[in-house]
Amino acid sequence: MTPKPAGPPDGGWGWVVAAAAFAVNGLSYGLLRSLGLALPDLAEHFDRSTQDTAWVSALALAVQQAASPVGSALSTRWGARPVVMVGGVLTSLGFVFSAFARSLLHLYLGLGVLAGSGWALVFAPALGTLSRYFSRRRVLAVGLALTGNGASSLLLAPTLQLLLDTFGWRGALLVLGAITLHLAPCGALLRPLVLPGDPPAPPRGPLAALGLGLFARRAFSVFALGTALVGGGYFVPYVHLAPHALDRGLGGYGAALVVAVAAVGDAGARLISGWLADQGWVPLSRLLLVFGALTGLGVLAVGLVPLAGSQEGCRGALLAAAGAYGLSAGSYAPLVFGVLPGLVGVGGVVQATGLVMMLMSVGGLLGPPLSGFLRDETGDFTASFLACGSFIIAGSFIYMGLPGALPSCPPASPSPQATPPPERGELLPVLPVALLSSGGPRSTLDTTC
Amino acid sequence: MRAPSGLLGPRGPLPLALLCLLAAARGSLADGQPSVSPLTSLPIEEERITKYSNLSLESHNIPPTVSPLTSLPIEEERITKYSNLSLESHNIPPTASPLTSLPIQEEILTKYSNLSLESHNIPPTASPLTSLPIRGEMMTKYSNLSLESHNISLTEHSNVPVEKNITLERPSNIELTCQITISRGVNSVNVTWKKGDELLENYLTNATGCILYAQYMFTIINSKQMGSYSCFFGGEKEQRGTFNFKVPEIHGKNKPLITYVGDSTVLMCKCQHCSPLHWTWYHSNGSVQVPIDVQMSEKYVINRTNANETRLKIMQLTEDNQGSYWCHAVFQLGESEERIQLVVLSYLVPLKPFLGIVVEVAILVAVILLCETYTQKKKKHIDDGKEFEQVEQLKSDDTNGVENNAPRHRKNESVSQ
């Protein structure tokens, strides 16, 4: 007689999984961001332009995000643990291979394709597994994991610089290969969890595994469209905030300060928004809408700062705008993942995570080049930030179509708690039988009044 | 052609010059004869106009016996407007009015740096004059050199000596001017010029109101004439202005270049806005600089894509190739050098930390998996134990019935222990 699967542990081993996801985030996104330090050395060695070497990072990011559904599909089939461990080994191999590169093409293949695929296999499964381990404190846990990004930049950037100065770029990439191998122990920590909402059998066929069926749900489709639009503008400040500050005449250290303010605001906000969301005072979809809109406004503010006048005033205004952007973008990030179980149920979280990554990759691929193009045409970044801000705000408008986003409809009947645990799928208008938890309280939030 | 006398007068030079310009198309200009003093006029020859197709400016300052001259500053518009014409200005001072000569402004001259400046001071017969050292041969020889004009302003009571660094690449005519504002006693200030410690001669001094101008003109043709030139103003406190002439600096790479055995690498030296005659590369492993053997074209290739940069490509690197590489930029007026450091490592160097970290990761994974199987086994054991207990309890419930409460309790106790 097997015991009935309990709900998400909401703690216990879940915190270890959070730590593992923290490390995974750091070793994938964080490392990718710090990789920019090595690009000038590569450009010098291979005698190519900065633009050509920038494609190494861009390709890795694109592959990582676009191939995310593959990672989540594989992990629904075989479990997150083996997939993440294999992904770690793959990434490591990519770095080792690129350490011996004889041309920039080898780097595109090694870092871009190989390491990118490895990262695609680790991110979505790790974050999806984390979501399954928590219910009441999910968004906080996800926010905690997502700060791995910023923390890793703080740690890895100086380390990478040290490696470059000691061993040159070849040795640095080799040692980085060993460092990324730590993704394997992180994967080992992702103990499989059996939850009530899981589908009884693993999906048959690759397409089913990809979870494309999730798009049939109206809520998820709305969310997907909104997120794709937001993705178009969300990543631009990562790439163009520093050059924008330099354009405004801030100087190297001034620009670094602006970026640091945004990064610190971002990291702190992830934790705070995670804690806040978990309190359940406001429905997650409404928080998503609010913070999405605020992020868009923050980006607009950053773009409009130059019109504020003098040099000194410009600097202060830019720092304030960057801080506002960082705070809102950081608040937005964990909500994107936190709202998923409510939309698709716990069983579909891993697949949904992969799909969301893929959607954001479309924006991530198109946004920065568009921004760069606008900057080349108009001479400064105002137009690009305005365009990106409007993308984000447009996406936030679409979020209004999510159930629970707009406060216009009063609850049909009073409920014992503010919002029931989201993983029981209460945001879904019609609950499919397979994902319906046994005997949970029905949703009190109706989508139609 | 005799200029109408109405054009000649105290303010003669301006309209006279205009007339000159109008007549210049004919290529020659007759001189206006003043009624007061004799003049020597330099005729503009056809050849000179065609030879110096950039604008040649000739200015004749003829000092009267009584007072210094005024030569009006050459106005910019006229030069731009008639830039293919030659401008001759003959200042014919009346004996009566004093004149002051103003320095030709720096901006005009640096702007039209293809102007050659010829200045003839023709002393009148009555008084001795200082004549500029520019002699005939030099005029023809260096009149196609550019003119560089530099200015230093000093204040009377400052403590800081003023220095100006000048980067010079090609031979040029140089005009250095120091000006100082003196509260009083302009004529009592002693002016000297020095190059390093060597005293110079043949300089000009002029005073306007409270400003004293000291001017030194010379030509730099080779590296011996580079260095520091200083003007000194004596008085209560000696004020000094220094002009430092240097060849342009070149830039390489500040950090050592790290490469691996078997790689190829490119060492680059460049300078901002200069064009050296040629570049040479040297390699030094200790203190001796050995020139790079360009004959070994499979190993070394020197490329000069632009005039202001040089690239040394080294292929098939070995550990012998490491050390310092020097690039020299040779100018007419001297040499400039820069050092680039090359480090060649073998792959074994980063391999050690790599293997160390891989081993650590393997250990971590093993520990994590073992821990998990251990805790799972333990948990399963406990679970099995609990199940066993439950099964036993049910069995005993079934078989014993209600009367056997006491024995059951005892039995449970013994089992649970």
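Chain A of this predicted model has a mean pLDDT of 80, with 85% of its residues reaching 70 or more.

For chain B the mean pLDDT is 69, and 60% of the residues reach 70 or more. Where pLDDT is low, the predicted coordinates should not be read in detail. For the model as a whole, the scores are ipTM 0.75 and pTM 0.66.

**Interface between chains A and B**

The size of an interface is often given as the accessible area lost when the parts come together. Here chain A and chain B bury about 2,300 Å² between them, and carbon and sulfur atoms account for 65% of that area. The contact involves 29 residues of chain A and 27 residues of chain B.

Eight residue pairs, both members at pLDDT 80 or more, are in polar contact between the two chains. On the side of chain A that touches chain B, the elements giving two or more residues are helix H2 (39-46), helix H5 (80-99), helix H8 (148-180) and helix H9 (183-188) of chain A. H8(A) supplies the largest share, 13 residues. By residue class, this side of chain A divides into 15 nonpolar, seven polar and seven charged residues.

Over all chains the count is ten salt bridges, and between chain A and chain B it is seven. Two examples are set out below.

| Residue in chain B | Residue in chain A | N to O distance |
|---|---|---|
| Glu372(B) | Arg191(A) | 3.2 Å |
| Arg311(B) | Asp47(A) | 3.6 Å |

The salt bridge of Arg311(B) with Asp47(A) crosses between chains, from strand E18 (residues 309-314) of chain B to the loop between H2 and helix H3 (50-66) of chain A.

**Strand pairing in chain B**

Strands of a sheet pair through backbone hydrogen bonds, either parallel or antiparallel. In chain B, five strands form an open sheet of mixed pairing, in the order E5-E12-E11-E7-E8. Its edges are strand E5 (162-167) and strand E8 (198-199) of chain B, each of which pairs on one side only.

Within this order, strand E7 (residues 191-195) and strand E11 (residues 228-233) of chain B are antiparallel and are paired over five bridges. Thr192(B) has Phe232(B) in E11(B) as its bridge partner.

An antiparallel pairing also joins strand E9 (residues 203-208) of chain B to strand E10 (residues 211-220) of chain B, through six bridges. Tyr216(B) in E10(B) lies opposite Tyr203(B). The hairpin of E9(B) and E10(B) has two residues between the strands, and Gly209(B) in this hairpin adopts a positive phi near 60°.

Key
Residues are numbered from 1 along each chain as its sequence is written. Chains are lettered from A and ligands numbered from 1 in the order in which they are written. This is a predicted model: local features need pLDDT of at least 70, side-chain atom pairs count only at pLDDT 80 or more; totals for chains, interfaces and linings use all residues. Side-chain values use heavy atoms; hydrogens and water are left out. Contact means heavy atoms within 4.5 Å. Buried area is the accessible area (1.4 Å probe) that two parts lose on being put together, summed over both. A salt bridge is a side-chain nitrogen of Lys or Arg within 4 Å of a carboxyl oxygen of Asp or Glu. A polar contact is a pair of N or O atoms within 3.5 Å; within protein, one must be able to donate a hydrogen and the other to accept it, and residues adjacent in sequence count only if both atoms are side-chain atoms. Helices (H or I, at least four residues) and strands (E, at least two) are DSSP runs, numbered from the N terminus. Ala, Val, Leu, Ile, Met, Phe, Trp, Tyr, Cys and Pro count as nonpolar, Asp, Glu, Lys and Arg as charged, and the others, Gly among them, as polar. pLDDT is the predictor's confidence in each residue, from 0 to 100. Two strands pair if DSSP finds at least two bridges between them.
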